[in-house]
Amino acid sequence: MIQDWTQDSASMERQRHRRDFLKSLAAASAATLAAPTARALAAEHDLIEQPEPTADHCILLWMAGGMAAPETFDPKTYAPFEKGMPVDRMVSTFPAIDTAVDDIKICEGLENIAGVMDRATLIRSAVQPDLGHILHSRHQYHWHTGYVPPQTVAAPHLGAWMAKVLGPVDPVMPAFVNIGQRLEGVGEKEELKAFTTGGFFGSEFGPMNLPFPEQAAAAVAPPQGMNRRRFAERQQLFQQLLSNGPASENISDDHRESMLRSLDRAYRLLSSSKSQAFDIHAEPKDSVERYDTGRFGRGCLLARRLVEAGCRFVEVTTEYVPFLHWDTHKDGHATVDRLHQEIDRPIATLIQDLESKGFLDRTLVIVASEFSRDAIVEGVPGSTARDQATVKTESVTEPQHYGLHRHFTGGTSVVMFGGGMKKGFLYGATAPERPLLAIKNPVTVTDLHATIMRAMGISPRTGFDVEGRPFYVTRDGVGKPVMELFA
């Protein structure tokens, strides 16, 4: 698929946009390494009253690539496959099913999630800005950091903000873990790396990346044959190289100290019994089987174990690779049917397990994606965004045409469980017929972030001085939490 993507003029234009974006991000990242440490805004820091948290942990279940709301959590008029049907009849290709809440229906294929919707707040009116040319990497950067790229500095990931402001729940455990996303060997890898970082906070607050959850235990174990003494000596050597080696000449003192602290924390984790939390094979067999629908399901199991052990923020992704998974530019219905099977049981099991173990009330679980999808509209009506559908047709003549293929930013679903949110609650709405724009209580990315941070006990006005510029946890500090969502 990637090979097809690079063959026509439209693909060349997309590559040019990506190259320009990548150059800007690379320059910002390089500049940040030599920059002074971010300092709390002195004039405002003492005046900000941090809210009482309703959650101690946060798990983000990231549906990377553009999860179509009408195929998941916002069902519309259902039209089964019929050869020759007009494309404009395709609004939902899955029928609606009942859930544990009388006035909430979701799509067929999510029966297990339907059974736990009485623990959920469902937002159907999340909206994204029109960024002109729609790139997954730009929208994912925006969603994860709150800032539209490129920026003059590297904006921190949401998890990095929590790691910096709140720290770890348990000092041995990493505060920020990212599960399921490879950062090498996949398309747009540099763009993914750009927001999967601690940003200007430094590597100390960046994520521990675990692409394969079944291999996580190996990531926190010394190499085979490495005894404790040799392990300690190697740790000392790493510290010496970082303190005095050639690489140290190109970074600031503050960032060097941050990297040293990162190494120290890693050493303490590898030396601790807490590292057993990373071993999903230590879980009872029946528990593993309930989660194991694939890499995402195993990631949900690992996330639960890490939260129980004291991690602050964990992201689990279905993984973004261009033209795979939720990035449906053809074969939309068949692809989403497969994804339903991959996410349905693990998400429901995660919620049930957190609840039974007494963690759900203090753990905010979020299901989200960078935008939705539509069969006809790219962006929103009137947008100048170029139509990026790879299969363009006026009627459905074969199965690859059946499903929602275009990027839609006018109305997206977000699901929240636990963490102080209301239970069995529906917020916002999109139009019943195309265009499926948010028509009631729209929620911007900025206000959604303010809501998440409010739950975690962080004011949206929390900010730092970076190279003389105020930089806030929500864009310009203007985010307003949606208080109607809180119990």
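Biologist: Is Glu308 buried or exposed, or partly exposed, and what is its relative accessible area?
Modeller: Please keep in mind that this is a predicted model, where local features need pLDDT of at least 70, side-chain atom pairs count only at pLDDT 80 or more, and totals for chains, interfaces and linings use all residues. Residues are numbered from 1 along each chain as its sequence is written, and side-chain values use heavy atoms, leaving out hydrogens and water. Buried means under 20% relative accessible area, exposed over 50% and partly exposed in between (1.4 Å probe, protein chains only). Glu308 is therefore partly exposed, with a relative accessible area of 27%.

Biologist: Which residue does the side chain of Glu308 meet in a salt bridge?
Modeller: A salt bridge is a side-chain nitrogen of Lys or Arg within 4 Å of a carboxyl oxygen of Asp or Glu. At 2.8 Å from N to O, the side chain of Glu308 meets that of Arg304.

Biologist: Why are Glu308 and Arg304 about one helical turn apart?
Modeller: Helices are DSSP runs (H or I, at least four residues) and strands are runs of E (at least two), numbered from the N terminus. Arg304 counts as buried, at 2% relative accessibility. Glu308 and Arg304 are separated by about one turn because they are four residues apart in helix H12 (residues 295-309).

Biologist: Which residues are linked with Arg304 and Glu308 in a network of salt bridges?
Modeller: The whole structure holds 25 salt bridges. In this network, Arg304 and Glu308 are linked with Glu283, Arg290, Arg305 and Asp353.

Biologist: How many residues apart in sequence are the parts that Arg182 and Glu319 tie together?
Modeller: Arg182 and Glu319 meet through their side chains in a salt bridge of 2.8 Å, N to O. Arg182 is partly exposed at 28% relative accessibility, whereas Glu319 is buried at 1%. Arg182 lies in the loop between strand E7 (176-179) and helix H7 (189-195), and Glu319 in the loop between strand E9 (313-317) and helix H13 (332-356), so the pair joins parts whose separation in residues is 137.

Biologist: In which helix do Arg338 and Glu342 both lie?
Modeller: Their side chains also meet in a salt bridge of 2.8 Å, N to O. Arg338 is partly exposed at 33%, and Glu342 is partly exposed at 22%. The two are four residues apart, about one turn, in helix H13.

Biologist: What kind of ring pair do Phe200 and Phe201 make?
Modeller: Rings of Phe, Tyr and Trp (its six-membered ring) pair if their centres lie within 6.5 Å; planes under 30 degrees apart count as stacked, over 60 as edge-to-face and the rest as tilted. The structure holds 13 aromatic pairs. Both Phe200 and Phe201 are buried. Their ring centres are 4.9 Å apart and their planes lie at 70°, so the pair is edge-to-face.

Biologist: Which residues are linked with Phe200 and Phe201 into a cluster by ring pairs?
Modeller: Ring pairs build this cluster. Linked with Phe200 and Phe201 are Tyr147, Trp161, Phe205, Phe464 and Phe471.

Biologist: The charged end of which residue sits over the ring of Phe425?
Modeller: Phe425 is partly exposed, at 22% relative accessibility. A charge sits over a ring if NZ of Lys or CZ of Arg is within 6 Å of the ring centre and within 35 degrees of the ring normal. Placed 4.5 Å from the centre of the Phe425 ring is the charged end of Lys422.
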